[in-house]
Amino acid sequence: MTSHGPVMPIWSCGGCDLPWPCPTRRRELRAEYAGAPVSLAIYLGVCLVQAAEDMPWASAGALHRRFIGWARQPTEVQQRSTATVPAEPDR
């Protein structure tokens, strides 16, 4: 169980008071939904709809980036460490 759950209706993190989902919760969600990206997207979409109802002053673009935009991007570690060049075959 995480302490980084959303505090509604302002959608701040209960663990660190950053906007939810905070970086810690994002890491936890990536691990929790590893191998199930569609399920993660559905969960985040439901959160986005609830947040839009709770915060009608927030722009749709900002809410999308906050709740869904990060989920499709690979982690920084993956972006930087998985780029390898295959070895040249011996001739």
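Student: How many salt bridges does the structure hold?

Tutor: The model is predicted, and the structure holds two salt bridges. In one of them, the side chain of arginine 25 meets that of glutamate 28, at 3.1 Å from N to O. These residues lie three apart in helix α1 (residues 23-32), so about one helical turn separates glutamate 28 from arginine 25. Their surroundings can be stated as well. Arginine 25 has 10% relative accessibility and therefore counts as buried, the cut-off for buried being under 20%. Glutamate 28, with a relative accessible area of 27%, is partly exposed. Arginine 25 also meets the side chain of glutamate 32 in a salt bridge, at 3.4 Å from N to O. Through shared partners, the salt bridges join Arg25, Glu28 and Glu32 into one network. In general, side chains of opposite charge can pair when their charged atoms come close.

The helix packing concerns α2 and α3. Helix α2 spans residues 37-54 and helix α3 residues 60-69; their axes come within 9 Å and cross at roughly 150°. Angles over 145 degrees count as roughly antiparallel, and α2 and α3 are therefore roughly antiparallel to each other. The crossing of these two helices, α2 and α3, is right-handed. On the α2 side, the contact is made by Leu44, Gly45, Cys47, Leu48, Ala51 and Ala52, and on the α3 side by Leu63, His64, Phe67 and Ile68. By class, this contact of α2 with α3 has eight nonpolar and two polar residues, and no charged ones.

Notes
Residues are numbered from 1 along each chain as its sequence is written. This is a predicted model: local features need pLDDT of at least 70, side-chain atom pairs count only at pLDDT 80 or more; totals for chains, interfaces and linings use all residues. Side-chain values use heavy atoms; hydrogens and water are left out. Axes are lines fitted to C-alpha atoms, for helices over the stretch in contact, and angles run from 0 to 180 degrees between N-to-C directions. Helices (H or I, at least four residues) and strands (E, at least two) are DSSP runs, numbered from the N terminus. Angles under 35 degrees count as roughly parallel, over 145 as roughly antiparallel, 65 to 115 as roughly perpendicular and the rest as oblique. A crossing is left-handed if the near helix is turned anticlockwise from the far one by less than a right angle, and right-handed if clockwise. Contact means heavy atoms within 4.5 Å. Ala, Val, Leu, Ile, Met, Phe, Trp, Tyr, Cys and Pro count as nonpolar, Asp, Glu, Lys and Arg as charged, and the others, Gly among them, as polar. A salt bridge is a side-chain nitrogen of Lys or Arg within 4 Å of a carboxyl oxygen of Asp or Glu. Buried means under 20% relative accessible area, exposed over 50%, partly exposed in between (1.4 Å probe, protein chains only).
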